[in-house]
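Subject: Structure for you to look at

Hello,

Here is the structure I promised you. Please open it and keep it in view while you read my notes below.

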Amino acid sequence: MRRPRQSVQQSLASIVLGFELIVMFLAALVAFGLKVLSAPVALIGGAVLCLLIVATLALLRYRWAIIVGWVVQGIIVATGILVPIMFIIGALFAGMWVYSMVAGGRIDRQKAAAAAQLGDETHGR
C-alpha cells in the first residue's frame, strides 16, 4: 500500500522539528553543565521535551500535531528562563516554524488549486 504524500507544510515542519530536537538535546546538556537545574531535572526534563518533539514528528500527518508543534515552540522559547540564550534560539526556531506554516500552507493551497484545475480541464473534454 502506498503512503500518501506529505504536504509541503508537513515537510517543512518536520525539518524545523528535527533541528529543534538536536538543539534541545544540547540545551538540556547545557542546563545540566551549568547546574541551572539539578541533574535529574535537567536531563529528564530535556528527555521529555525531546520525546515530545519526536512524537510530534511522527504524528505530523494529523492536523492536531501542528497545534502540538506550536506548543513545542512556546516551550522552547520558555526554556530561556533557565538558559537565557534559549530566548534567542527559541525565537529563531519559532520564526522558522511560522514561516513553515505560512509558506507551506500557501504552497499546499496552490498545489491543490492547480490539481483541481487540471482535473476540471481533463474532465471537461
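Lys-35 sits in the loop between helix 1 (8-33) and helix 2 (39-58). Keep in mind that this is a predicted model. Phi of Lys-35 is near 60°. That is a positive value, and the residue is not a glycine. Lys-35 is also exposed, with a relative accessible area of 68%.

Now the whole chain. The protein has four helices and zero strands. Read from the N terminus, the order of elements is α-α-α-α. The radius of gyration is 18 Å, well over the 14 Å that the globule rule gives for 125 residues, so the protein is more spread out than a compact globule. The C-alpha trace spans about 70 × 30 × 20 Å along its principal axes.

What about burial and surface? Of the 125 residues, 29% count as buried. The accessible surface comes to about 8,100 Å². Carbon and sulfur atoms hold 73% of that surface.

Next, please find Asp-108. It belongs to helix 4 (residues 85-123). Which side chain of opposite charge is nearest to Asp-108? It is Lys-111, 4.9 Å away. Asp-108 is buried, yet it has no salt bridge. The reason is the cut-off: a salt bridge needs a side-chain nitrogen of Lys or Arg within 4 Å of a carboxyl oxygen of Asp or Glu.

Asp-108 does have a polar partner. Its side chain makes a polar contact with the side chain of Ser-7, at 3.3 Å. What else does Asp-108 touch, leaving aside its neighbours within four places in sequence? Its contacts are Ser-7, Val-8 and Gln-9.

Last, look at Lys-111. This residue lies in helix 4. Is Lys-111 buried, partly exposed or exposed? Lys-111 is partly exposed, with a relative accessible area of 49%.

Then turn to Lys-35 in its loop.

Best wishes

Methods:
Residues numbered from 1 in each chain as written. Predicted model: local features only at pLDDT ≥ 70, side-chain atom pairs only at ≥ 80, totals over all residues. Heavy atoms only, no water. Helix = DSSP H or I, 4+ residues; strand = E, 2+ residues; numbered from the N terminus. Buried < 20%, exposed > 50% of the residue type's maximum accessible area, 1.4 Å probe, protein only. Lys, Arg positive; Asp, Glu negative; His and termini not counted. Polar contact = N/O pair within 3.5 Å; in protein donor to acceptor, adjacent residues only side chain to side chain. Contact = heavy atoms within 4.5 Å. Rg over C-alpha atoms; globule rule 2.2 N^0.38 Å. Areas by Shrake-Rupley, 256 points an atom, 1.4 Å probe, with all protein chains shown as cover.
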